Amino acid sequence: MCGIVAYIGSKPARGLLLEGLKRLEYRGYDSAGVAMLNGGMHVARTMGRVSGLEELVHKDEQFNGTIGIAHTRWATHGEPSERNAHPQGDDAKNGYGIQVVHNGIIENYSSLKQYLKDKGHAFTSETDTEVLAHLIGELYDGDLETAVQSALREVTGAYAIAVLCEKEPDVMVVARKGSPLIVGVGKDEYVVSSDSSAIVAHTTQAFLLDDETVARLTRDSFRTTTVENVELTPEIQELEYTLEQIELGDFEHFMLKEIYEQPATLRICMQGRVDAVDGKIILGGVADFEEDLAKAKRVLLLGQGTALHAAMIGEYLFEGLAGIPTEVEFASEFRYRNPIVEEGTIAIAVSQSGETADTYAAIQEAKRRGAMTLGAVNVVGSTISRETDAGVYLRVGPEIGVASTKAFIGQVAVLTMLATYVGRRHHLAGEDMLDALNSLEQIPDHIETVLKQSDHILKVTRGVVNRDNWLFLGRGTNYPVALEGALKLKEISYIHAEGMPAAEMKHGPISLIDKGMPVVIVATKGSQYEKVIGNMEEVRSRGGHVIAVATEGDSEIQSHCDDVIFVPDVPEPLQPLLTVVPLQLIAYHAAVLRGKDVDKPRNLAKSVTVE
Ligand code: F6R
């Protein structure tokens, strides 16, 4: 997520800005940049890490100033690149040396861009921020504060901005609407940031800007106004919380927050894509390839970890809904085999980050062998999203917790939409499509129902949390869910867990079962329900402690298990979107009960960019 740090005072700004950016790194970003006034305007931007930016400006005397703005960007408009990184400036030829860093989205940027183009402005990036910088330049008449106020009256959307102008080397103007910005007040200095964690090292006195408020800062004074230039008196407060804590709200960890965000993010993921009234799926990202998708003979799904589990569910969906032979494979294995890629193959890379090295290499290999490639990726402009022929973004927002949760729901939802989209162009009947879409639209409400049982799930988990070996079992689309439940538990609580198809247990793992061993079994109503009940009895008769995830209203289940967690009744292909949620919560509660660092599990990185 984007982050802003800005400084005006008497200290060297360079180190302070870079250190501030580093404190914001945990929020995720793809590029970084800085602008500094020091006998002129100096700008440096880079793709990738803040350490890369540090190298760029470290020895450069131009960056020795005491007033500067800095930014970490998480792409929304335009791919991550040096060109699209912030700060963004006004017109290079006719401008005033204005530089802007910006968090948020300017919704009416295309009409503003056209207006500015008509006035002769030339743009160098794809960002909405550059449009804002040009607009401020266009309206500049010798006073930066007035130009910013005028520009902000023209924009719709959300913003937190910090602005510098070469013509006014001792002034900084900052403003916000709908995106946080805090002004730290020191002695003859101000430290501005979108996150108080970048401020508290320097001062604990600060004021929070209200929506549609502008602040003009010099080294020894500030003035705040509305965008209509009505003067305001902000209340200076003692900073108690970092934005990380504020962002967490009532949640103790990002993982829990992200689990609870799932209904909302799923709604966003489906927004404008699922039309249950007319029975249509609209996927802009693959629209140009409709014909190729209609002709698809084979689907190949590639991913790692949680993304692979989502891909495994995709296999059931593509075969079940679209009737297309589908294979799923660890990207890391696929890339080193001699895979046969037949004509008419669509290879889909499933990835939250879009940067996983193995998944990227595998999709390149599939492409080289003639497959059409698609990405089901979360991070806009990531390597996989750029290198595939087309794709559908997950739209679940930045995932900060290392253990993937909301991205899994997004991946399964995108694969469901894709399978339905492709299926309709193959064998899927109109009324079946309508049924599937109607059920899909209701899933966010059903996830909310599951989340309400968190206290019950905590109680169930507490009963077995001291056990060091667990099994997770499922059948059909719930088999990958069992794998995902086991992965979640082991990665954050360090409890050893195995996931497998329920029937596989008899082929060896059953010998592990002893008195009290926790065995989590997804036993929802569906074509294999009776068989799963049989598996539960096999576990129980050997003393295992069975925790069932079952369908609401199943009155029989209690007699076959020790604990039960109910989920609403939905068609089998969509069950994973609900059955995974109790397993995420079991893993979360187990890790907290065992005192583990849920958001930063040992040995794990959020994105695995090495083999
Ligand atoms: C598990 C987890 C990992 C990732 C895997 C792939 O919670 O996060 O297993 O799913 O490393 O990452 P992406 O989806 O970024 O390709």
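Cys-269 is buried in this predicted model, with a relative accessible area of 0%. Cys-561 is buried too, at a relative accessible area of 5%. How many disulfides does the count come to? The count comes to 0 disulfides, with a pair of cysteine sulfur atoms having to lie within 2.5 Å to qualify.

**The ligand and its surroundings**

| Residue | Protein side of the pair | Distance to a ligand oxygen atom |
|---|---|---|
| Ser-353 | side-chain N or O atom | 2.6 Å |
| Ser-404 | backbone N or O atom | 2.9 Å |
| Lys-488 | side-chain N or O atom | 3.0 Å |

How much of the ligand's accessible area does the protein cover? On its own the ligand has 400 Å² of accessible area, and the protein covers 90% of it.

Is Thr-359 buried or exposed? Its relative accessibility is 1%, so Thr-359 counts as buried, the limit being under 20%. Setting aside residues up to four places away in sequence, Thr-359 touches Leu-302, Gly-303 and Gln-304, along with Ala-331, Ala-349, Val-350 and Ile-384.

Ser-439 belongs to helix α15 (residues 430-451). This serine has 17% relative accessibility and therefore counts as buried, again because the limit is under 20%. Which residues is Ser-439 in contact with, once its neighbours within four places in sequence are left aside? They are Pro-571 and Leu-574.

Glu-290 lies in helix α9 (residues 290-294). At 37% relative accessibility this glutamate counts as partly exposed, because its value falls between the 20% limit for buried and the 50% limit for exposed. Its contacts, leaving aside neighbours within four places in sequence, are with Tyr-421 and Arg-425. As for Asn-438, this residue is 148 residues from Glu-290 along the chain, and the two C-alpha atoms are separated by 23 Å.

**A strand residue and a cis proline**

Ala-44 is part of strand β3 (residues 41-47). With a relative accessible area of 10%, Ala-44 is buried. Leaving aside neighbours within four places in sequence, Ala-44 is in contact with Ala-32, Gly-33, Val-34, Leu-53, Leu-56, Val-57, Phe-63 and Pro-87.

The peptide bond leading from His-86 to Pro-87 is cis, with omega near 5°. Pro-87 is located in the loop between β4 (67-73) and β5 (88-89).

**Positive phi in two loops**

Asp-188 is not a glycine, yet has a positive phi of about 55°. This aspartate is placed in the loop between β9 (182-186) and β10 (189-193). Asp-188 is partly exposed, its relative accessible area being 39%.

Glu-212 likewise has a positive phi of about 55° without being a glycine. Where is Glu-212 found? Glu-212 is in the loop between β11 (205-208) and β12 (213-217). Its relative accessible area is 34%, which makes Glu-212 partly exposed.

How values were computed: Residues numbered from 1 in each chain as written. Predicted model: local features only at pLDDT ≥ 70, side-chain atom pairs only at ≥ 80, totals over all residues. Heavy atoms only, no water. Polar contact = N/O pair within 3.5 Å; in protein donor to acceptor, adjacent residues only side chain to side chain. Areas by Shrake-Rupley, 256 points an atom, 1.4 Å probe, with all protein chains shown as cover. Helix = DSSP H or I, 4+ residues; strand = E, 2+ residues; numbered from the N terminus. Buried < 20%, exposed > 50% of the residue type's maximum accessible area, 1.4 Å probe, protein only. Contact = heavy atoms within 4.5 Å.
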